[in-house]
Amino acid sequence: MSQSHRSEEALANAPIGPLMVKLALPAVAAQLINMLYNIVDRIYIGHIPEVGRTALTGLGVTFPILMLISAFTAFAGMGGAPLASIRLGAGDREEAEKILGNSTTLLLVLAAVLTVTFSAVKEPVLMAFGASEDTIGYALDYISIYLIGTVFVQLALGLNAYITAQGQALVAMCSVLIGAVLNIILDPLFIFAFRMGVRGAALATIISQGVSACWVVGFLCSRRSGLRIRRKNMGLDAKVIGGIAALGVAPFIMQSTESLVTVVLNSGLQFYGGDLYVGTVTVMQSVMQMIIMPVQGITQGVQPVMSYNFGARNYARVRQTFRLLLRTTLAVTVSAFLLVTLFPRPIALIFNDDQELVELVGKVMPIFFGGIWAFGAQMACQSAFMAMGQAKTSLFLALLRKVILLVPLAIILPLATGNVMGIYVAEPVADALASATTLTLFLYKRKTLLPQEEG
(Lines give C-alpha, C1' and ligand atoms only; values in the text may rest on other atoms or scores of the structure.)
Protein backbone atom coordinates (compact mmCIF):
# COMPACT_ATOMS: atom_id res chain seq x y z
CA MET A 1 0.00 0.00 0.00
CA SER A 2 1.39 3.46 -0.93
CA GLN A 3 2.06 6.17 1.64
CA SER A 4 -0.87 8.23 0.35
CA HIS A 5 -3.32 5.33 0.73
CA ARG A 6 -1.98 4.51 4.21
CA SER A 7 -2.61 8.11 5.21
CA GLU A 8 -6.21 7.93 4.02
CA GLU A 9 -6.72 4.61 5.80
CA ALA A 10 -5.49 6.21 9.02
CA LEU A 11 -8.02 9.05 8.66
CA ALA A 12 -10.79 6.45 8.62
CA ASN A 13 -9.68 3.92 11.22
CA ALA A 14 -6.69 4.92 13.40
CA PRO A 15 -7.33 5.68 17.12
CA ILE A 16 -8.33 9.34 17.45
CA GLY A 17 -5.88 10.42 20.16
CA PRO A 18 -2.67 9.13 18.56
CA LEU A 19 -3.91 10.19 15.12
CA MET A 20 -4.53 13.75 16.35
CA VAL A 21 -1.01 13.89 17.77
CA LYS A 22 0.44 12.50 14.55
CA LEU A 23 -1.38 15.04 12.38
CA ALA A 24 -1.46 18.04 14.69
CA LEU A 25 2.19 18.11 15.80
CA PRO A 26 3.61 18.54 12.27
CA ALA A 27 0.84 21.04 11.49
CA VAL A 28 1.61 23.03 14.64
CA ALA A 29 5.30 22.92 13.80
CA ALA A 30 4.50 24.12 10.27
CA GLN A 31 2.45 27.04 11.61
CA LEU A 32 5.14 28.00 14.11
CA ILE A 33 7.81 27.78 11.46
CA ASN A 34 5.68 29.79 9.04
CA MET A 35 5.21 32.41 11.74
CA LEU A 36 8.98 32.83 11.86
CA TYR A 37 8.96 34.48 8.42
CA ASN A 38 7.43 37.66 9.84
CA ILE A 39 8.45 37.30 13.48
CA VAL A 40 12.16 36.86 12.71
CA ASP A 41 12.03 39.86 10.37
CA ARG A 42 10.57 41.97 13.19
CA ILE A 43 13.07 40.76 15.77
CA TYR A 44 16.06 41.56 13.58
CA ILE A 45 14.66 44.86 12.32
CA GLY A 46 13.71 45.94 15.85
CA HIS A 47 17.34 45.58 16.87
CA ILE A 48 18.90 47.60 14.02
CA PRO A 49 21.13 50.16 15.80
CA GLU A 50 19.64 53.65 16.28
CA VAL A 51 16.63 53.24 13.95
CA GLY A 52 15.24 49.92 15.22
CA ARG A 53 12.05 51.29 16.82
CA THR A 54 11.13 53.45 13.82
CA ALA A 55 11.95 50.68 11.33
CA LEU A 56 9.88 48.19 13.35
CA THR A 57 6.90 50.54 13.31
CA GLY A 58 7.33 51.02 9.55
CA LEU A 59 7.31 47.27 9.05
CA GLY A 60 4.18 47.07 11.19
CA VAL A 61 2.14 49.25 8.84
CA THR A 62 2.84 46.82 5.98
CA PHE A 63 1.09 44.09 7.98
CA PRO A 64 -2.39 44.72 6.47
CA ILE A 65 -1.03 44.17 2.95
CA LEU A 66 0.78 40.99 3.99
CA MET A 67 -2.42 39.71 5.61
CA LEU A 68 -4.48 40.49 2.51
CA ILE A 69 -2.05 38.52 0.35
CA SER A 70 -2.20 35.66 2.85
CA ALA A 71 -6.00 35.89 2.92
CA PHE A 72 -6.19 35.17 -0.81
CA THR A 73 -4.05 32.06 -0.32
CA ALA A 74 -6.56 30.93 2.30
CA PHE A 75 -9.44 31.69 -0.09
CA ALA A 76 -8.17 29.23 -2.70
CA GLY A 77 -6.28 26.80 -0.46
CA MET A 78 -8.40 26.45 2.65
CA GLY A 79 -11.54 26.91 0.56
CA GLY A 80 -10.70 23.90 -1.60
CA ALA A 81 -8.71 21.57 0.67
CA PRO A 82 -11.62 20.53 2.97
CA LEU A 83 -13.77 19.87 -0.13
CA ALA A 84 -11.01 17.71 -1.60
CA SER A 85 -10.74 15.80 1.68
CA ILE A 86 -14.52 15.25 1.78
CA ARG A 87 -14.41 13.90 -1.79
CA LEU A 88 -11.56 11.56 -0.82
CA GLY A 89 -13.67 10.29 2.07
CA ALA A 90 -16.53 9.67 -0.36
CA GLY A 91 -14.18 7.75 -2.69
CA ASP A 92 -14.16 10.33 -5.50
CA ARG A 93 -10.43 10.95 -6.11
CA GLU A 94 -11.01 12.37 -9.61
CA GLU A 95 -13.20 15.18 -8.29
CA ALA A 96 -10.70 15.87 -5.48
CA GLU A 97 -7.92 16.33 -8.04
CA LYS A 98 -10.12 18.60 -10.11
CA ILE A 99 -10.55 20.83 -7.06
CA LEU A 100 -6.76 20.88 -6.62
CA GLY A 101 -6.16 21.78 -10.28
CA ASN A 102 -8.66 24.63 -10.24
CA SER A 103 -7.23 25.93 -6.99
CA THR A 104 -3.73 25.99 -8.49
CA THR A 105 -4.85 28.10 -11.45
CA LEU A 106 -6.85 30.38 -9.17
CA LEU A 107 -3.77 30.99 -6.99
CA LEU A 108 -1.67 31.94 -10.03
CA VAL A 109 -4.30 34.39 -11.26
CA LEU A 110 -4.67 35.95 -7.82
CA ALA A 111 -0.89 36.33 -7.49
CA ALA A 112 -0.68 38.31 -10.74
CA VAL A 113 -3.58 40.60 -9.82
CA LEU A 114 -2.32 41.27 -6.29
CA THR A 115 1.23 42.04 -7.42
CA VAL A 116 0.13 44.59 -10.03
CA THR A 117 -2.54 46.21 -7.84
CA PHE A 118 -0.53 46.72 -4.67
CA SER A 119 2.59 47.81 -6.57
CA ALA A 120 0.54 50.59 -8.17
CA VAL A 121 -1.04 51.95 -4.97
CA LYS A 122 1.40 50.99 -2.21
CA GLU A 123 2.36 54.47 -0.94
CA PRO A 124 -1.13 55.96 -0.44
CA VAL A 125 -2.33 52.64 0.96
CA LEU A 126 0.49 52.54 3.52
CA MET A 127 -0.21 56.12 4.59
CA ALA A 128 -3.87 55.18 5.05
CA PHE A 129 -2.78 52.18 7.10
CA GLY A 130 -1.07 54.36 9.72
CA ALA A 131 2.36 55.22 8.30
CA SER A 132 3.89 58.58 9.20
CA GLU A 133 6.55 60.70 7.50
CA ASP A 134 9.13 59.01 9.73
CA THR A 135 8.07 55.42 8.99
CA ILE A 136 6.84 55.47 5.36
CA GLY A 137 10.35 55.02 3.93
CA TYR A 138 10.92 51.78 5.83
CA ALA A 139 7.44 50.53 4.91
CA LEU A 140 8.01 51.19 1.20
CA ASP A 141 11.46 49.57 1.26
CA TYR A 142 9.98 46.35 2.65
CA ILE A 143 6.76 46.05 0.67
CA SER A 144 8.30 46.95 -2.72
CA ILE A 145 10.51 43.87 -2.60
CA TYR A 146 8.00 41.61 -0.84
CA LEU A 147 5.40 42.11 -3.59
CA ILE A 148 7.77 40.61 -6.17
CA GLY A 149 7.44 37.27 -4.38
CA THR A 150 3.64 37.25 -4.13
CA VAL A 151 3.36 34.25 -6.45
CA PHE A 152 5.66 32.24 -4.17
CA VAL A 153 3.52 33.05 -1.12
CA GLN A 154 0.36 32.03 -2.97
CA LEU A 155 1.70 28.67 -4.11
CA ALA A 156 3.66 27.78 -0.98
CA LEU A 157 0.85 28.47 1.50
CA GLY A 158 -2.21 27.89 -0.68
CA LEU A 159 -1.19 24.49 -2.06
CA ASN A 160 0.33 23.22 1.18
CA ALA A 161 -3.22 22.85 2.50
CA TYR A 162 -3.78 20.07 -0.08
CA ILE A 163 -0.85 18.12 1.34
CA THR A 164 -2.39 18.32 4.82
CA ALA A 165 -5.82 17.44 3.39
CA GLN A 166 -4.62 13.97 2.39
CA GLY A 167 -3.22 13.27 5.88
CA GLN A 168 0.46 13.91 5.02
CA ALA A 169 1.07 16.47 7.77
CA LEU A 170 4.78 15.67 8.08
CA VAL A 171 5.40 16.49 4.42
CA ALA A 172 3.39 19.71 4.84
CA MET A 173 5.61 20.63 7.78
CA CYS A 174 8.75 20.05 5.74
CA SER A 175 7.37 22.35 3.04
CA VAL A 176 7.36 25.22 5.49
CA LEU A 177 10.51 24.18 7.38
CA ILE A 178 12.71 24.42 4.30
CA GLY A 179 11.80 28.04 3.64
CA ALA A 180 11.80 29.14 7.28
CA VAL A 181 15.27 27.79 8.03
CA LEU A 182 16.58 29.50 4.90
CA ASN A 183 14.90 32.75 5.99
CA ILE A 184 16.50 32.61 9.44
CA ILE A 185 19.91 32.13 7.82
CA LEU A 186 19.48 34.84 5.18
CA ASP A 187 17.92 37.53 7.40
CA PRO A 188 21.02 38.53 9.41
CA LEU A 189 23.18 38.11 6.31
CA PHE A 190 21.15 40.55 4.22
CA ILE A 191 20.12 42.94 7.03
CA PHE A 192 23.45 43.33 8.80
CA ALA A 193 26.32 41.80 6.78
CA PHE A 194 25.17 43.30 3.46
CA ARG A 195 23.73 46.38 5.27
CA MET A 196 20.47 46.18 3.34
CA GLY A 197 18.32 46.82 6.41
CA VAL A 198 14.58 46.44 5.88
CA ARG A 199 15.05 45.63 2.18
CA GLY A 200 17.30 42.74 3.14
CA ALA A 201 14.58 41.27 5.36
CA ALA A 202 12.11 41.38 2.46
CA LEU A 203 14.58 39.83 0.03
CA ALA A 204 15.36 37.00 2.45
CA THR A 205 11.63 36.32 2.81
CA ILE A 206 10.81 36.07 -0.90
CA ILE A 207 13.82 33.86 -1.65
CA SER A 208 12.75 31.53 1.16
CA GLN A 209 9.13 31.46 0.02
CA GLY A 210 10.30 30.71 -3.52
CA VAL A 211 12.16 27.61 -2.33
CA SER A 212 9.09 26.47 -0.35
CA ALA A 213 6.85 26.97 -3.37
CA CYS A 214 9.10 24.79 -5.54
CA TRP A 215 9.01 22.04 -2.90
CA VAL A 216 5.20 22.09 -2.59
CA VAL A 217 4.51 22.12 -6.34
CA GLY A 218 7.13 19.41 -6.90
CA PHE A 219 5.54 17.14 -4.32
CA LEU A 220 1.99 17.63 -5.63
CA CYS A 221 3.16 16.78 -9.14
CA SER A 222 4.91 13.60 -7.98
CA ARG A 223 3.69 10.04 -7.39
CA ARG A 224 4.27 10.43 -3.66
CA SER A 225 1.14 12.56 -3.44
CA GLY A 226 -2.34 11.02 -3.21
CA LEU A 227 -3.67 14.16 -4.92
CA ARG A 228 -1.73 15.31 -7.97
CA ILE A 229 -1.69 18.50 -10.02
CA ARG A 230 -2.61 17.49 -13.57
CA ARG A 231 -2.80 19.84 -16.54
CA LYS A 232 -6.22 18.52 -17.57
CA ASN A 233 -7.70 19.71 -14.25
CA MET A 234 -6.29 23.24 -14.36
CA GLY A 235 -8.89 24.72 -16.68
CA LEU A 236 -11.22 26.82 -14.55
CA ASP A 237 -14.63 25.18 -14.00
CA ALA A 238 -17.35 27.54 -12.77
CA LYS A 239 -18.97 24.91 -10.55
CA VAL A 240 -15.69 23.91 -8.90
CA ILE A 241 -14.59 27.53 -8.41
CA GLY A 242 -18.01 28.30 -6.96
CA GLY A 243 -17.60 25.55 -4.37
CA ILE A 244 -14.09 26.74 -3.48
CA ALA A 245 -15.29 30.34 -3.20
CA ALA A 246 -18.32 29.46 -1.07
CA LEU A 247 -16.18 27.76 1.56
CA GLY A 248 -13.06 29.89 1.02
CA VAL A 249 -14.77 33.19 1.74
CA ALA A 250 -14.81 32.40 5.48
CA PRO A 251 -11.03 31.90 5.96
CA PHE A 252 -10.50 34.78 3.52
CA ILE A 253 -12.55 37.09 5.71
CA MET A 254 -10.86 35.75 8.85
CA GLN A 255 -7.47 36.78 7.50
CA SER A 256 -8.36 39.83 5.41
CA THR A 257 -10.27 41.41 8.27
CA GLU A 258 -7.04 41.18 10.24
CA SER A 259 -5.89 43.87 7.81
CA LEU A 260 -9.01 45.91 8.53
CA VAL A 261 -8.43 45.51 12.26
CA THR A 262 -4.80 46.58 11.92
CA VAL A 263 -5.79 49.68 9.93
CA VAL A 264 -8.39 50.66 12.53
CA LEU A 265 -6.01 50.02 15.44
CA ASN A 266 -3.05 51.78 13.80
CA SER A 267 -5.13 54.78 12.74
CA GLY A 268 -6.77 55.11 16.15
CA LEU A 269 -3.50 54.73 18.03
CA GLN A 270 -1.78 57.21 15.72
CA PHE A 271 -4.60 59.73 16.35
CA TYR A 272 -4.86 59.27 20.12
CA GLY A 273 -1.23 58.43 20.92
CA GLY A 274 1.33 58.61 18.07
CA ASP A 275 4.08 56.36 16.67
CA LEU A 276 4.93 54.87 20.08
CA TYR A 277 1.42 53.48 20.48
CA VAL A 278 1.41 52.15 16.91
CA GLY A 279 4.62 50.34 17.83
CA THR A 280 2.82 48.52 20.67
CA VAL A 281 0.41 46.95 18.20
CA THR A 282 3.29 45.78 16.01
CA VAL A 283 4.72 43.95 19.03
CA MET A 284 1.38 42.60 20.27
CA GLN A 285 0.25 41.40 16.86
CA SER A 286 3.50 39.45 16.70
CA VAL A 287 2.67 37.90 20.08
CA MET A 288 -0.88 37.24 18.86
CA GLN A 289 0.57 35.32 15.93
CA MET A 290 2.67 33.28 18.35
CA ILE A 291 -0.56 32.26 20.12
CA ILE A 292 -2.90 31.84 17.17
CA MET A 293 -0.50 29.96 14.88
CA PRO A 294 -0.19 26.87 17.11
CA VAL A 295 -3.96 26.76 17.54
CA GLN A 296 -4.42 27.04 13.78
CA GLY A 297 -1.88 24.26 13.35
CA ILE A 298 -3.88 22.02 15.68
CA THR A 299 -7.18 22.75 13.92
CA GLN A 300 -5.70 22.38 10.43
CA GLY A 301 -3.97 19.14 11.36
CA VAL A 302 -7.18 17.67 12.77
CA GLN A 303 -9.53 19.09 10.12
CA PRO A 304 -8.84 16.32 7.54
CA VAL A 305 -9.97 13.71 10.10
CA MET A 306 -13.33 15.45 10.48
CA SER A 307 -13.73 16.19 6.76
CA TYR A 308 -12.83 12.67 5.63
CA ASN A 309 -15.17 11.00 8.13
CA PHE A 310 -17.95 13.51 7.52
CA GLY A 311 -17.74 12.60 3.83
CA ALA A 312 -17.82 8.89 4.81
CA ARG A 313 -20.83 9.57 7.13
CA ASN A 314 -18.92 8.32 10.16
CA TYR A 315 -20.46 10.94 12.43
CA ALA A 316 -19.46 9.31 15.72
CA ARG A 317 -15.79 9.66 14.75
CA VAL A 318 -16.33 13.32 13.87
CA ARG A 319 -17.94 14.00 17.26
CA GLN A 320 -15.14 12.21 19.10
CA THR A 321 -12.51 14.18 17.20
CA PHE A 322 -14.20 17.50 17.93
CA ARG A 323 -14.42 16.89 21.68
CA LEU A 324 -10.70 16.22 21.90
CA LEU A 325 -9.95 19.19 19.63
CA LEU A 326 -11.95 21.57 21.85
CA ARG A 327 -10.14 20.49 25.01
CA THR A 328 -6.77 20.88 23.30
CA THR A 329 -7.33 24.36 21.85
CA LEU A 330 -8.73 25.68 25.12
CA ALA A 331 -5.70 24.36 26.99
CA VAL A 332 -3.41 26.27 24.62
CA THR A 333 -5.26 29.61 24.80
CA VAL A 334 -5.69 29.51 28.59
CA SER A 335 -1.96 28.81 28.97
CA ALA A 336 -1.14 31.68 26.60
CA PHE A 337 -3.39 34.03 28.58
CA LEU A 338 -1.49 33.25 31.78
CA LEU A 339 1.88 33.72 30.07
CA VAL A 340 1.20 37.16 28.53
CA THR A 341 -0.51 38.38 31.70
CA LEU A 342 2.38 37.40 33.98
CA PHE A 343 5.36 38.24 31.76
CA PRO A 344 4.48 41.11 29.37
CA ARG A 345 7.76 43.04 29.64
CA PRO A 346 10.11 40.10 29.03
CA ILE A 347 7.99 39.20 25.99
CA ALA A 348 8.22 42.78 24.68
CA LEU A 349 12.01 42.70 25.03
CA ILE A 350 12.16 39.92 22.45
CA PHE A 351 11.15 42.42 19.76
CA ASN A 352 12.76 45.68 20.88
CA ASP A 353 14.89 47.00 23.73
CA ASP A 354 13.62 50.60 23.67
CA GLN A 355 12.67 51.20 27.31
CA GLU A 356 9.73 53.49 26.57
CA LEU A 357 8.15 51.00 24.17
CA VAL A 358 8.79 48.04 26.49
CA GLU A 359 7.17 49.84 29.45
CA LEU A 360 4.07 50.75 27.43
CA VAL A 361 3.70 47.22 26.05
CA GLY A 362 4.05 45.87 29.59
CA LYS A 363 1.15 48.10 30.65
CA VAL A 364 -1.28 47.37 27.80
CA MET A 365 -0.54 43.73 26.92
CA PRO A 366 -2.51 42.16 29.82
CA ILE A 367 -5.50 44.29 28.79
CA PHE A 368 -5.23 43.55 25.07
CA PHE A 369 -5.05 39.78 25.66
CA GLY A 370 -7.68 39.69 28.39
CA GLY A 371 -10.08 37.55 26.34
CA ILE A 372 -7.63 35.27 24.56
CA TRP A 373 -8.30 32.43 27.02
CA ALA A 374 -11.74 31.84 25.41
CA PHE A 375 -10.48 31.97 21.83
CA GLY A 376 -9.73 28.24 21.73
CA ALA A 377 -13.46 27.48 21.74
CA GLN A 378 -14.08 29.72 18.73
CA MET A 379 -11.19 28.21 16.76
CA ALA A 380 -12.30 24.62 17.43
CA CYS A 381 -15.95 25.26 16.51
CA GLN A 382 -15.14 27.31 13.44
CA SER A 383 -12.72 24.61 12.24
CA ALA A 384 -15.45 21.98 12.66
CA PHE A 385 -17.88 24.01 10.56
CA MET A 386 -15.22 24.39 7.86
CA ALA A 387 -14.43 20.68 7.98
CA MET A 388 -18.08 19.83 7.38
CA GLY A 389 -18.38 22.25 4.45
CA GLN A 390 -20.75 24.65 6.24
CA ALA A 391 -19.99 27.72 4.15
CA LYS A 392 -22.72 30.10 5.41
CA THR A 393 -22.09 29.44 9.08
CA SER A 394 -18.33 29.74 8.60
CA LEU A 395 -18.85 33.08 6.83
CA PHE A 396 -20.95 34.47 9.68
CA LEU A 397 -18.41 33.41 12.30
CA ALA A 398 -15.56 34.87 10.27
CA LEU A 399 -17.36 38.22 10.22
CA LEU A 400 -18.46 38.11 13.85
CA ARG A 401 -15.31 38.67 15.88
CA LYS A 402 -13.56 41.30 13.80
CA VAL A 403 -16.08 43.07 11.55
CA ILE A 404 -19.24 42.92 13.67
CA LEU A 405 -17.59 43.28 17.10
CA LEU A 406 -13.95 44.40 17.17
CA VAL A 407 -13.85 47.15 14.54
CA PRO A 408 -16.91 49.04 15.89
CA LEU A 409 -15.69 48.64 19.48
CA ALA A 410 -12.19 49.92 18.57
CA ILE A 411 -13.81 53.06 17.11
CA ILE A 412 -16.56 53.62 19.69
CA LEU A 413 -14.74 52.95 22.99
CA PRO A 414 -11.88 55.50 22.60
CA LEU A 415 -14.34 58.02 21.17
CA ALA A 416 -16.70 57.57 24.14
CA THR A 417 -13.94 57.69 26.76
CA GLY A 418 -11.59 60.11 25.04
CA ASN A 419 -8.80 57.74 26.03
CA VAL A 420 -6.43 55.65 23.93
CA MET A 421 -6.91 52.72 26.33
CA GLY A 422 -10.38 52.15 24.87
CA ILE A 423 -8.71 50.73 21.76
CA TYR A 424 -6.88 48.10 23.78
CA VAL A 425 -10.05 47.16 25.73
CA ALA A 426 -11.95 46.47 22.48
CA GLU A 427 -9.95 43.29 21.79
CA PRO A 428 -10.83 41.24 24.92
CA VAL A 429 -14.48 42.26 24.78
CA ALA A 430 -14.73 41.07 21.16
CA ASP A 431 -12.87 37.83 21.91
CA ALA A 432 -15.15 36.84 24.80
CA LEU A 433 -18.40 37.66 22.99
CA ALA A 434 -17.38 35.95 19.74
CA SER A 435 -16.20 32.78 21.49
CA ALA A 436 -19.41 32.46 23.52
CA THR A 437 -21.56 32.96 20.42
CA THR A 438 -19.59 30.45 18.33
CA LEU A 439 -19.75 27.70 20.96
CA THR A 440 -23.49 28.24 21.45
CA LEU A 441 -24.12 28.04 17.70
CA PHE A 442 -22.14 24.82 17.38
CA LEU A 443 -24.01 23.16 20.24
CA TYR A 444 -27.28 24.19 18.59
CA LYS A 445 -26.37 22.82 15.14
CA ARG A 446 -24.50 19.65 16.07
CA LYS A 447 -27.60 17.40 16.30
CA THR A 448 -28.53 18.22 12.72
CA LEU A 449 -25.02 18.01 11.28
CA LEU A 450 -23.88 15.00 13.31
CA PRO A 451 -26.89 12.74 13.98
CA GLN A 452 -26.39 9.95 16.50
CA GLU A 453 -27.41 7.30 13.96
CA GLU A 454 -24.61 6.72 11.48
CA GLY A 455 -25.07 6.14 7.82
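1. At 7% relative accessibility, Arg401 counts as buried (buried means under 20% relative accessible area, exposed over 50%, partly exposed in between, with a 1.4 Å probe and protein chains only). Asp431 is buried too, with a relative accessible area of 1%.

2. A word on the basis: this is a predicted model, where local features need pLDDT of at least 70, side-chain atom pairs count only at pLDDT 80 or more, and totals for chains, interfaces and linings use all residues. Residues are numbered from 1 along each chain as its sequence is written, and side-chain values use heavy atoms, with hydrogens and water left out.

3. Arg401 and Asp431 meet through their side chains in a salt bridge, 2.5 Å from N to O (a side-chain nitrogen of Lys or Arg within 4 Å of a carboxyl oxygen of Asp or Glu). The pair links distant parts of the chain, with Arg401 in helix 16 (residues 391-417) and Asp431 in helix 17 (residues 421-449), 30 residues apart. Helices here are DSSP runs (H or I, at least four residues), numbered from the N terminus. Glu427 joins Arg401 and Asp431 in a network of salt bridges.

4. The whole structure has six salt bridges. One of them pairs Arg230 with Glu97, the closest N and O atoms being 2.7 Å apart. Arg230 lies in the loop between helix 9 (197-220) and helix 10 (238-272) and Glu97 in helix 5 (residues 93-128), so the pair ties together parts 133 residues apart in sequence. Glu97 is buried at 7%, whereas Arg230 is partly exposed at 30%.

Terms used:
Helix = DSSP H or I, 4+ residues; strand = E, 2+ residues; numbered from the N terminus.
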